[in-house]
Amino acid sequence: MAKKISFNVVFASDEDNSFPASELNNHGPTVHGWRSSESSSLNTHDIILRFHQPAKIYRIQLLAHQYLIPEKVELWLHYSPKSMPSTPSSQYFDFLGFVALADNSNTNYKSRELQSVTVTPRRGTHLKLRLIGAQCNELNQTGQISLLAVNILGEDLDVGNGNGDDQQQLNSSSTSDAAPLDTATGELALASICDDLLFSMYVEESIVHYIRELEMRKTQAVNAERFEYARKLKLCMTALRTAGERLGRYSLAKRQAVQQEDFTTAKLRKEQMEMYRSTVLKQLQVQQLLETQGIESCNDQSCEIYAGGKPSLPPAPSLQDVAHALADAALSPKSQSQQDDKSSTDGSLGQTSNDSVITTTTAATPLVPTASFSTHVANAGGWRKSHDELPQSPRLPSRHSSPMSSRQGSLRRRNKSVPRNSYEDYEERAIPTLRQECQGNALLEADPNRGRSRLNDRERRQAALPILVFGNELVEQFYSRQFQDREDGLMRLRNFLKEQELMESTETNSNEHAASPNKVARSAALLLHRAVRDAVYSVFNQATETVRVMFLEYVPGRVSPSEVARCVDRLLPELLAKSGDPSARLHTLAQHTILSIAACPEVAEQHLVAPALSRSVGSGTHQRLAMSRLQMLEQLVNTQGISTDKHSGLTCRALSECGCSGIHHPAEPVRKVAERIILIVYKMNPRLVRKQLPPDDDITRRNLLYRQLFTEFDKLDLERKQELMEETNKYVVAVGHSSSDATTSHMDKASTSSDASRLMKSKSGHGPGLASSNGYNSCNGKQQYNEQLKRSMLSASNSRKGSASNSESTEDNTPKIHCPFCDWSCSGNDASQLDRHYWKTCPFLTKCPQCSQVLEVAALNYHLTTECDAKDSYVVCTRCTESVHKQLYELHQMEDYCRELKTGAARCPLCHDDVHLPQDGGWKLHLLSTGGCPGNTRKKNSKKPN
C-alpha cells in the first residue's frame, strides 16, 4: 500500500528569505511553504527533491497558494542507484507530465487548490518541479509564485549493495506492477489516512501521532476479529480528526502571537491547546483504547460514548475561560499555603517562593479542564461562543506580508478592530470538504446557535436600518449560513408584520416597534431582497409568503406611495428572475407572488408591475422566462382589464406590441400565450392590431403562424358582424312600425313616444355610469350607443320610403302598436295595452325591488345606487360590480356568482351572468334570445299577439 515518501529539498533556483524552500520538507498547519523572490526576473523556477531512499512513485500532490499561483507545474523524475554517483550536472530527468492550475478568481482568491496527480508507477530518487509563469491578478502585481506543500505517495524500495542488484531493479522498472487500489472506492490504497496531504496540512501533529497508533490497533483488532473494538477505534479516529483541525488552528494562532511578540496571548494559546487536548483525550478514552497495559476486556463491550455513532466532542475553551482557569489555579496554592502557615509553628511551610507557585500552576494545568473550565462555560449562560469558533471574514493581506515579520499588537486590539494576519484568517477556516465531513455534525450538536455568524462591517453598513428597526438578532438570522436560521428569521419578520396593526393600536409601544411604517417597509424589503435570492427552496418559500403578507396586509393604508414604489423596484427584478427558473415549483411560486403584489391597491394605482411585464419579448429570451411573463400579463388583463392610461402598461398599444413580439419567439408555448393576448386586444381595437401585423394577403398567409392568427381574426369579425346585423334588423322593424303608427293616430304616437322617450332617456342616462362601473373604459359607450341608434333609425327610414308603394298596395291600414325594445306588437290604437306590456311582460324591462319603478334590466344596478329612494342602503360590489344591500354584502361575497368581471363585459342583475359587448347589442342577445336570461321571469309570460 502507498505511504508518504520522505524527502529533502536539495536545490531551488530562487526563494524568498522569509519563505525558504526548506518549508516544503514538513507538513502541518503552521507551514507556510516556498515563495519565489520578489525581485526575481526568472520565468521558470526549478525545485529538486531528493528521497531518503529510492522509491516507487504512485501519486504526487501539490497544494498551491491562494493568489500567488503559477500557470503550470512540470514533473520530472530521476533514478540513480546508490552505486552510481549523482550530481546535479549528471542527473537525467524523465518528463512525467504537467499540472495546470486555475487562476482562482471564481473564489475571490480565498481558497487553495489541491492537485493530486496519479502517475504510472516509476522508480526514482529525485523529483524536479518546474514552475512556469505566474497567474497575474490584483493581489500579485510583481509576478511572484508560491507552493505551500508537496506530498509524494509510493513505496520504498529495498535496494541491494551490489551493482547487479541495482541494475536488475533498474531493468525491471518498465515491467512494474500497477498501483494498489482500494477495492471499495477504486482509489489509490493508502497505508494510513495520515499520509494524505489534505489530512496532514490541517491536523495538529500530536493528534496525527495518536491517529497513527489507533490505525495500527484497528488493523490488529480486525485480524483478531475484535469488531466492537475496531468500531470504537474508527469512531475515535474520526472524532480526533475534528479535534486535530481545531488544535491546528490554535497552533497557528499561537505562532502568530509569538511573531507579534504578544507573549501573553501565546501563553494563553498554549494552555488552551493543553486544556482542550487533555479534555478530548479523556472524553474519547484514547489511553484506554490504545491498550498500553495489555488487552482490556471493556474495549470489546459497548459503552455510552460510542453507542450512538460518532461521539460528541467537548466544547472548546475560549481565551477568557483559560485566563479564569489559570487565575483559579494560581490562587489555590496561595490559600493552601496560608492555611499551612497558620497551622505551622515555625512558618516555614507558608513561605513559598514565586518559583514554586509557577511550578505548581504549570503542573496543575492539565487537571483544570474537568472542573473550572466547565464551570465557566456554565456561568456564561450558553450564549457566549469561544473566540475561535466565531467565523471570521477573511481579509486578503498585501503581497509584502510575511509570517516571519514581527508585528505589534495585543489580544484586546486584535479582538476588536485591528486587521488580523492573513494566515490566521485563512487557517482558522476549514476547507469545504473538511467542514462538511468532519466539523458539521459536531459543531451543530455542540452549538445551539448552529453556526450563526456575527455581521462584519460591510454587512452592518448594509443592514443598518433593519438592525435599527428589527434588532440585531433577527438580522443575524437573515445573514446566517444555516438555512434553519434564515427560515426562523422570515417567520419572525412575517409575525412582526401581521402584529403591527395591533402594535399601532396600543399606546405603549416598545422601542423596537417605534419605527414608522415607511421605515418598517423599507427594512423588510432590504431583508426580503436577500431572502428571495436564496438557493434553498424552503427559505424561498418562506420569503415569498412574507412578501405577500407585506403587500396584502401591511402596506395597504400605512405605507406612502413613494415607499411602495421603492419596495417594488427592489423585489420585482429578483422575482422576475426566479419566474424563469426551470424548476416548476420555483417559477410557479414566483408568478403567484408577483400577481399578489400586483393585486395590492397601492401597487395597482401606480401601475408598478404591468409595465415590467408588457415589455417586448426578444427572440433570445429564455423560454421559461418569456412564458412566465406573458402568462402573468394575460392574468393581469383578465383581472384588471384593458386601460386607457398610457402609463399603466395595459393599454391596447402596449399589449399588442408585446403580443406581436411574442409570436416571433422560437418556442411554441410562448407563441400560444402571445396569440391569446393579441386576440383579447383585437376584440377591443381591431384596427390597432392590424397595423402591428403584416398586411393580410396571400403572401402573408403562406406563413402558418399568420394564417392561424388571421383565421381567428376572421372568426371574430364574423361574430361581430352577425351581432350588428341582428341588432340593426330589430331596430329597423321597431322604427318602421313607430312611423306607420304616427300617420294613423296622433294620440297613439304621443303616448308611445312619451313612454319610449322616457325609457330611452333612462337607458342613455345610465349607459356611461354602468359602463364605468363595469370597468369598460376603453371607449365612450354613450356616444357609440347614440351613433348606432341614429344609423339604425336612418336605415329604417330609408327602407320604409323605398317600400312605401308596395306596402300600401299589399297591406291594409290597420293600426298597430309596437314595443321599441322587443318584438311585441298589438293591433289597435289603445295606448293602455303598451303600458300593460311595459308593466308586466316586456322581457327587456324589470321593476325596481325598492321603488317599483319600471326600467331597463341593464340600468337596474345603476338605479339602485344613484336614483332609487333606497340608494343609501345599497353599495357597489368591488368584485362583480353588482348593487348589493349593505346588510347582505358579506353574504354576497361568499356566493359563487360573485366573481371578477371580464374585460368589456357587464353583469346581469337577474341571473348574475356576464353580458359580452353590452353596447353592441349584447343585452338584446342576452334578454331576447331563444334561451333568454335564466333569471328573467318575464320571458315565460311574453307573448306576441297577432
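Reader: Let's start with strand pairing: which residue in strand 7 is the bridge partner of I60?

Author: First, some ground rules. This is a predicted model, where local features need pLDDT of at least 70 and side-chain atom pairs count only at pLDDT 80 or more, while totals for chains, interfaces and linings use all residues. Residues are numbered from 1 along each chain as its sequence is written, and side-chain values use heavy atoms, with hydrogens and water left out.

Now to your residue: I60's bridge partner in strand 7 is V117. Strands here are DSSP runs of E with at least two residues, helices are runs of H or I with at least four, and both get numbered from the N terminus. Two strands pair if DSSP finds at least two bridges between them. Strand 4 (residues 44-64) and strand 7 (residues 114-132) are joined by 15 bridges and run antiparallel. Strand 7 also runs antiparallel to strand 5 (residues 72-78), with seven bridges joining those two. Over there, V73 stands opposite L131 of strand 7.

Side chains make links too. A salt bridge means a side-chain nitrogen of Lys or Arg within 4 Å of a carboxyl oxygen of Asp or Glu, and the whole structure has 22 of them. I'll also say buried for under 20% relative accessible area, exposed for over 50%, and partly exposed for in between (1.4 Å probe, protein chains only).

Take R241 and E245, whose side chains meet in a salt bridge at 3.9 Å, N to O. Both sit in helix 4 (residues 227-259), four residues apart, or about one turn of the helix. R241 is buried at 11% relative accessible area, and E245 is buried as well, at 3%.

Next up, R566 bridges to E563, with the closest N and O atoms 2.6 Å apart. These two are three residues apart in helix 20 (residues 561-579), so about one helical turn separates them. R566 is partly exposed at 39%, whereas E563 is buried at 2%.

Then there's E882 with R907, a salt bridge at 4.0 Å, N to O. E882 lies in the loop between strand 13 (874-876) and strand 14 (883-885), while R907 is in strand 15 (residues 905-907), so the pair ties together parts 25 residues apart in sequence. E882 is buried, at 4% relative accessible area, and R907 counts as buried at 1%.

Finally, some salt bridges link up into a network: R690, D696, R701, D714 and D717 are connected that way.
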